[in-house]
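User: I have a two-chain model open and want to go through one sheet and the chain contact. Can we start with the terms?
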Amino acid sequence: MPDATGLELIRQELGDAVLDTVFFRDRATLIVDPPGIRGALEQLRAHGYSFMASLHGVDYYPEEPRLGVIYELLDMRRVDRITVKLRVPSDAPSVESVTEDWPTANHQEREVYDMFGVVFDGHPDLRRILMPEDYEGHPQRRDFPIGGEPVIFTRDEAKWLEARQ
Amino acid sequence: MSAVETPIDGSETTDELLTLNFGPHHPATHGVLRLLVTLQAEVVRDIKPIIGYVHTGIEKTAEDKSYWKVIPIVERMDYLAYYFNAMAYIGAVETLVGVEVPKRAQYLRVIHLELNRIASHLIWLGTSALDLGAVSIFLYCLREREMILDLFECSSGARMHTRYFQVGGVIEDIPASFAPKLREFLAIMPKRADEYGAILNSNEIVLARLRGTCPLDAETLLGLGVTGPLLRAAGNPWDLRKAAPYSSYDDFEFKIPVGTVGDNYDRFAVRLAEIYESVRIIEQALDGLPEGPHITEDRKVALPPRHELATSMEALIHHFKLVTEGFRVPPGEVYNAIESPRGELGCYVRSDGSSKPARVHMRDPSFVNLQALAPMSRGSYIADMIATTAMLDPILGGIDR
Amino acid sequence: MEVKRETLRVQGLNAHQLLRGEELEGANQPAHLEGEDLERYVEERMLTTTLDQAVAWARSNSFFPLAFGLACCAMEQFHAAGPRMDIARFGYEAFRASPRQADLIILAGRVSIKMAPVIRRLYDQMLEPKWAISMGACCSSMGVFNNYALVPADKFMPIDVHVPGCPPRPEALMHGVLKLRKMVQNDPEAGWRERYGAVGTEETLHGA
């Protein structure tokens, strides 16, 4: 992890794209403006962070902007990790896709779309990956009910059948 | 054995493309993986994997449970590397809470993790050999795996999904019978691995199917986010146990097997060699196992030992609070990555200050590695694609979560 | 005088008891037989019943399980077929890849909503008589994960034996399979359509 000063230096380099930095438990996070994500990631790649370890989504319900997309970058030469985070509101959840520059983002962006509803512009094949194609709703949003079925045990079967009548 | 580009009689190819569905139920798909394979005669032109057939909503369920209750939920993700799932999640929570893990617990964790690595590689070897046609290897591997599961049962009571790792250490110290049993196993395992190597490496069919098929260079793999034995087979020696050691891995001496060409044979050889290295690590951990507590002394995070409950009021209160509500974690977000048998297993935990996590995301290596299947198999035959899927070691529980 | 086989099965009788003239329970009592009728009746029935028993014995000892594993329970299913807990001792080692050749489907693992129609189609492709074992907690009840993504197997297909556990030990799976074997051995009419009153629900492809 770049230390706190290193993080500030990176922030200065990236300029306006960075909204904020967080240095928590020795881990560095850059909070980036959504339109500038591709440029920011390219600049970080030039810095050495050439491996994208993970791309995942978070739901900050009920704070707005609600949907977050997190990019975990790794510098294999210096064994350094940095996190890039962006947040989009749920009424306009669109982010530019980084699949062209980082091929690993293909399936992972589809998963974020499936689970949170964040639309990645420019993604070659944005469709649901884990849920059935015709599923409605985005399950991992915090206001989506967890679901589940009541479990009918054999000894209670009579009670359930009665209740259904 | 390179890709077939032109038909044998040199004519212009007018073959139409056929899309074949390797449905979710297929003996060679290592779980419920569905592949839409675009074929030109018998040559694979494109593969589209369709997943989600065992999507369990693990991450969503984890938001509903207190932190220690999430451990069994998350264990069931990558169902061959259950200790690793638990370790990644627990590492993230320990970072958030800021709790120290005692040395003995770290060594015990390493022992169990490496045993799990061997067990996972054994199933991989057995099922891959089954795909290639060598049926008896499957039974031999299960024989060794039974020994490992016996060890797990000895230390924690369950064969799979043991809940042995807890936040702050391990749930219980190992019994007295564990060490001798483990030494027996460690004496046998390298010889058995030699047997597997001897059988498979001198088998013409296995060699013909694996050597030179579906290579992919390290650069493309890195772009695709692939880590683990697949990346090491292509020549890049990236291993989180060496690069960013966690849980006392830097106390042990072991080598990282690295391949040269990056074809299926290298992937196979790298995993087989990793079994020997894991045995070495376990030996060193067992020899150097320090005395001490097996879980952190911080009673706000770990359950107090049972004998204290009879005498100490605070212990009783701590026990009650931990079991009913669970411990609270200060707000923050952390991503913690470890080296699982398939690659980088990461866990992202976001906590909002309550006793339940606000978001748990497992970055599963198989999910990301699956993207490499298409570039690897383009231009090869169907049979090579089957071998590649086997060498990719996909675990659908991890892919679908 | 016609005595329905149905009656015999319902009453759990065989011809020997009828010959001894014991009392039958329930509403479906056959008319009282005497003399020649009784002789003929017993001849017909005894042979059929013994043949049925023999067929049931053969069926129960030669399940062809479908090679079908979904998640963690599949690992324990492998171990049930492995060298220590050897399923081949009982004759069930012939795991078939094609559902058309299998008669036992062991649902090993969690059934997601995307997979449920696939499993149903596999089950429909199996030929009668067929049985289903739901292995593990996730497909029997919802198991550890009671959420939006899973479906209990009982919801979309009839299950004969539920094996609890998460995952059940290979010994537990064997126990479940042997329970099924006992069930099949004792029941001369083995097809599930008769058992669940679903005769006439076969799905045919050509609209016949």
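Analyst: Two strands count as paired if DSSP finds at least two bridges between them. Bear in mind that this is a predicted model.

User: OK. How many bridges between strand 6 and strand 7 of chain B, and in which sense do they pair?
Analyst: Nine bridges, in the antiparallel sense; strand 7 covers residues 343–351. Within that pairing, B:Glu339 is opposite B:Glu344 of strand 7.

User: What's the strand order in the whole sheet?
Analyst: The order is 6-7-8 in chain B, an open sheet of three strands with antiparallel pairing. Strand 6 (332–340) and strand 8 (357–363) of chain B each have a single partner strand, so each has one side without a neighbour in the sheet. From one strand to the next, the twist averages 15°.

User: Which helix lies across it?
Analyst: Helix 3 of chain B, residues 82–97, lies across strands 6, 7 and 8, at about 145° to strand 6.

User: Switching to the interface. How much area do chain B and chain A bury?
Analyst: About 3500 Å² between them, with 56% of it on carbon and sulfur atoms. Chain B puts 49 residues into the contact and chain A 41.

User: How many salt bridges between the chains?
Analyst: Five. A:Lys85 forms a salt bridge with B:Glu333, where the closest N and O atoms are 3.1 Å apart.

User: And which element of chain B gives the most to its side of the contact?
Analyst: Strand 6, with six residues. The chain B side as a whole divides into 23 nonpolar, 13 polar and 13 charged residues.

Technical notes:
Residues numbered from 1 in each chain as written. Chains lettered and ligands numbered in written order. Predicted model: local features only at pLDDT ≥ 70, side-chain atom pairs only at ≥ 80, totals over all residues. Heavy atoms only, no water. Helix = DSSP H or I, 4+ residues; strand = E, 2+ residues; numbered from the N terminus. Axes fitted to C-alpha atoms, helices over the stretch in contact; angles between N-to-C directions. Contact = heavy atoms within 4.5 Å. Buried area = accessible area lost by both parts, 1.4 Å probe. Salt bridge = Lys/Arg side-chain N within 4 Å of Asp/Glu carboxyl O. Nonpolar A, V, L, I, M, F, W, Y, C, P; charged D, E, K, R; others polar.
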